[in-house]
Amino acid sequence: MPDSQSTAAAKPAQRVIKKYPNRRLYDTDTSTYITLAEVRQLVMDHQHVVVRDAKTGDDLTRSILLQIILEEEAGGAPMFTEAVLANIIRFYGHAMQGFMGAYLEKNVQAFTDIQAKLAEQSQSVTPEMWAQFMSLQSPMMKGMMGNYVEQSQSMLTQMQEQMQKQTEQMLGAFGIKR
């Protein structure tokens with residue numbers, strides 16, 4: 001049985017933000033009111049932010065994160081096209097909704113990992129070295145992108161297999177065999 005100290009040390013510290021009915025956000029760490037832009041900065045700084053309703057204690061984190069994304073999308077350089085947003089909406093209520101969320105999450109994490117590795121390895125790179133690196137399409141880059149593509153293909157294969165199983169189960173429920 002793990003002791004309580006190692007369990008507490010393994011869990012990242014949460015930055016608790018309380019949201020009041022007047023829409024104000026209160027940072028319990030600094031005992032100050034903060035703006036949505038400041039919450040965004042906490043996220044950018046890799047802080048584990050949790051937003052709670054001040055009255056009920058309900059978790060509002062997803063709502064606040066979605067609000068930040070909405071503001072970023074409206075800010076002039078959107079990340080998502082209308083077609084992507086429409087396709088995301090279409091997955092709500094679809095049998096594959098849960099799987100799509102996991103698929104997107106794993107792909108974003110893989111992309112983030114690639115970005116972190118590149119940033120780590122480019123600390124000592126001069127502009128000349130960077131230009132040479134980009135012109136040669138280095139094996140390292142191909143390897144990292146290959147891993148990303150491989151993970152993506154694996155997830156897609158799993159999604160197809162899941163869809164096939166669900167179709168067979170549904171047809172079986174109606175007494176239809178393939």
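A: Begin with the secondary structure: helices of at least four residues and strands of at least two are DSSP runs, numbered from the N terminus. This is a predicted model, and along its sequence the chain follows the pattern α-β-β-β-α-β-α-α-α-α-α. The secondary structure comes to 7 helices and 4 strands.

Q: What percentage of the residues in the chain is buried?
A: Buried means under 20% relative accessible area. Of the 178 residues in the chain, buried residues make up 17%.

Q: Which residues make up the largest nonpolar core?
A: A nonpolar core is a set of buried residues joined through side-chain atoms. Here the largest has 10 residues: Ile17, Leu25, Ile34, Leu36, Val39, Leu42, Val49, Val51, Ile64 and Ile68. Helix α2 (36-44), strand β4 (48-53) and helix α3 each supply at least two residues of this core. The element that gives the most to the core is α2, with 3 residues.

Q: How should I read a salt bridge, and how many does a search of the whole structure find?
A: Side chains of opposite charge can pair when their charged atoms come close. The search finds 3 salt bridges in the whole structure. In one of them, the side chains of arginine 15 and aspartate 27 meet at 2.7 Å, N to O. Arginine 15 lies in strand β1 (residues 14-19) and aspartate 27 in strand β2 (residues 25-27), so the pair ties together parts that are 12 residues apart in sequence.

Q: Are arginine 15 and aspartate 27 buried or exposed?
A: Both arginine 15 and aspartate 27 are buried. For arginine 15 the relative accessible area is 13%, and the cut-off for buried is under 20%.

Q: Which residues are linked with Arg15 in a network of salt bridges?
A: Asp27 and Asp29 are linked with Arg15 in this network. Aspartate 29 forms a salt bridge with arginine 15, and their closest N and O atoms are 3.4 Å apart. This pair links distant parts of the chain, 14 residues apart: aspartate 29 is in the loop between β2 and β3 (32-34), and arginine 15 is in strand β1.

Q: Which residue forms a salt bridge with arginine 40?
A: The partner of arginine 40 is glutamate 72, with the closest N and O atoms 2.7 Å apart. Because arginine 40 lies in helix α2 and glutamate 72 in helix α3, the pair ties together parts that are 32 residues apart in sequence. Arginine 40 is partly exposed, at 27% relative accessible area, and glutamate 72 also counts as partly exposed, at 39%.

Q: How do I read aromatic pairs?
A: A pair of aromatic rings is described by the distance of the centres and the angle of the planes. The count in this model comes to 3 aromatic pairs. Tyrosine 20 and tyrosine 26 form an edge-to-face pair, 6.4 Å centre to centre and with 80 degrees between the planes. Ring pairs link Tyr20, Tyr26 and Tyr33 into a cluster. Arginine 24 lies over the face of tyrosine 33, at 3.8 Å from the ring centre.

Q: Which element gives the most to the nonpolar patch?
A: That element is α4, with 4 residues. The patch lies on the surface, has about 950 Å² of accessible area together, and includes Ile69 and Met79. Isoleucine 69 is in helix α3 and counts as partly exposed at 42% relative accessibility. Isoleucine 69 and methionine 79 are 10 residues apart in sequence and 9.5 Å apart in space, C-alpha to C-alpha.

Note on methods: Residues numbered from 1 in each chain as written. Predicted model: local features only at pLDDT ≥ 70, side-chain atom pairs only at ≥ 80, totals over all residues. Heavy atoms only, no water. Phe/Tyr/Trp six-rings, centres within 6.5 Å; stacked < 30°, edge-to-face > 60°. Lys NZ or Arg CZ within 6 Å of the ring centre and 35° of its normal. Patch = residues over 30% accessible without salt bridge, like charges linked within 9 Å, V, L, I, M, F, W, Y side chains within 5 Å. Areas by Shrake-Rupley, 256 points an atom, 1.4 Å probe, with all protein chains shown as cover. Salt bridge = Lys/Arg side-chain N within 4 Å of Asp/Glu carboxyl O. Buried < 20%, exposed > 50% of the residue type's maximum accessible area, 1.4 Å probe, protein only. Core = buried A, V, L, I, M, F, W, Y, C linked by side-chain atoms within 4.5 Å.
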